[in-house]
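The following report describes one protein chain for a reader who is new to structural analysis. Please keep the sequence and the model in view while reading.

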Amino acid sequence: MKKYKTAAILMLIHGGMMELGGGLAALLAQFLPGGAAQMDAYFSFCMPYLQENLNLVLLMGGIYGALRVAAAVGLLKNRLWGLVLGIINCVVTLALMIFMLPAGILDGILAGSALLLMLWQYFGQREIGGIAK
């Protein structure tokens, strides 16, 4: 259970700081002089498509963040849906992190660590069946 709790804390940090924080920062950027046009100065991604659609990227980050926090809460309450949602969220994040550079590096570290802890706790010391020793 210790690994689940650690994974949940990692997901809370990841969801709160990176994803929801980015969404709040985008909201605040709307009120700056120049509005959304000035957001390029605060957020940068290596892919031009993402850079041109920062509002949508930050909205997507908010959705990921909310789902990640929900998974962490479910995991802390020892719910199977929290484990499944957390694994799905981490796998999708790992698959998409390359498109979100440079922020994707920290995404990969946090999501990969949480995924490893959840799988390690769930499968434990079980061996792969059917393999001759």
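## A surface patch and a core

Helix α4 gives the most to the nonpolar patch, with five residues. This is a predicted model, in which local features need pLDDT of at least 70, side-chain atom pairs count only at pLDDT 80 or more, and totals for chains, interfaces and linings use all residues. Residues are numbered from 1 along each chain as its sequence is written, and side-chain values use heavy atoms, with hydrogens and water left out.

**The chain as a whole**

The chain contains five helices and zero strands, and from the N terminus its elements follow the order α-α-α-α-α. Helices (H or I, at least four residues) and strands (E, at least two) are DSSP runs, numbered from the N terminus. Of the 133 residues in the chain, 35% are buried. Here buried means under 20% relative accessible area, exposed means over 50%, and partly exposed lies in between (1.4 Å probe, protein chains only).

The predictor's confidence in each residue is given by pLDDT, from 0 to 100. Its mean over the chain is 83, and 86% of the residues reach 70 or more. Confidence is highest in α4, at a mean of 95, and lowest in helix α2 (residues 48–52), at 75. Where pLDDT is low, the predicted coordinates should not be read in detail.

**The nonpolar patch**

Which residues form the nonpolar patch on the surface? They are Leu-80, Val-84, Ile-88, Val-92, Leu-96, Ile-98, Phe-99, Leu-119, Tyr-122 and Phe-123, with about 870 Å² of accessible area together. Two elements, α4 (80–96) and α5 (103–123), each give two or more residues to this patch. Patches are made of residues with over 30% relative accessible area and no salt bridge; like charges are joined within 9 Å, and nonpolar side chains (Val, Leu, Ile, Met, Phe, Trp, Tyr) within 5 Å. A salt bridge is a side-chain nitrogen of Lys or Arg within 4 Å of a carboxyl oxygen of Asp or Glu. Accessible areas come from the Shrake-Rupley method with a 1.4 Å probe, and for residues only the protein chains shown count as cover.

Ile-98, one of the patch residues, is found in the loop between α4 and α5. Ile-98 counts as exposed because its relative accessibility is 51%.

**The nonpolar core**

In soluble globular proteins, nonpolar side chains tend to be buried together. A nonpolar core is a set of buried Ala, Val, Leu, Ile, Met, Phe, Trp, Tyr and Cys residues joined through side-chain atoms within 4.5 Å. The largest one in this chain has 16 residues, of which Ala-7, Met-11, Leu-75, Cys-90, Ala-114 and Met-118 touch the most other members. Two or more residues come from each of α1 (2–30), α3 (54–76), α4 and α5. The element that gives the most to this core is α5, with six residues.

**Helices α3 and α5**

The expected span of a helix is 1.5 Å times one less than its number of residues. Helix α3 has 23 residues and should therefore span 33 Å; its end C-alpha atoms are 32 Å apart, which agrees. Helix α5 has 21 residues and reaches 30 Å from its first C-alpha to its last, close to the 30 Å expected.

Among the buried residues of α3 are Leu-54, Val-57, Tyr-64, Arg-68 and Leu-75. Those of α5 include Gly-104, Asp-107, Leu-110, Ala-114 and Met-118.

Asn-78 lies in the loop between α3 and α4 and counts as partly exposed because its relative accessibility is 49%.

| Pair | Separation in sequence | C-alpha to C-alpha distance |
|---|---|---|
| Met-60 and Gly-23 | 37 residues | 8.6 Å |
| Gly-21 and Gly-65 | 44 residues | 8.7 Å |
| Met-1 and Leu-76 | 75 residues | 9.2 Å |

Met-60 belongs to helix α3 and is partly exposed, with a relative accessible area of 32%. Gly-21 belongs to helix α1 and is partly exposed at 26%. Met-1 lies in the segment before α1 and is exposed, with a relative accessible area of 52%.
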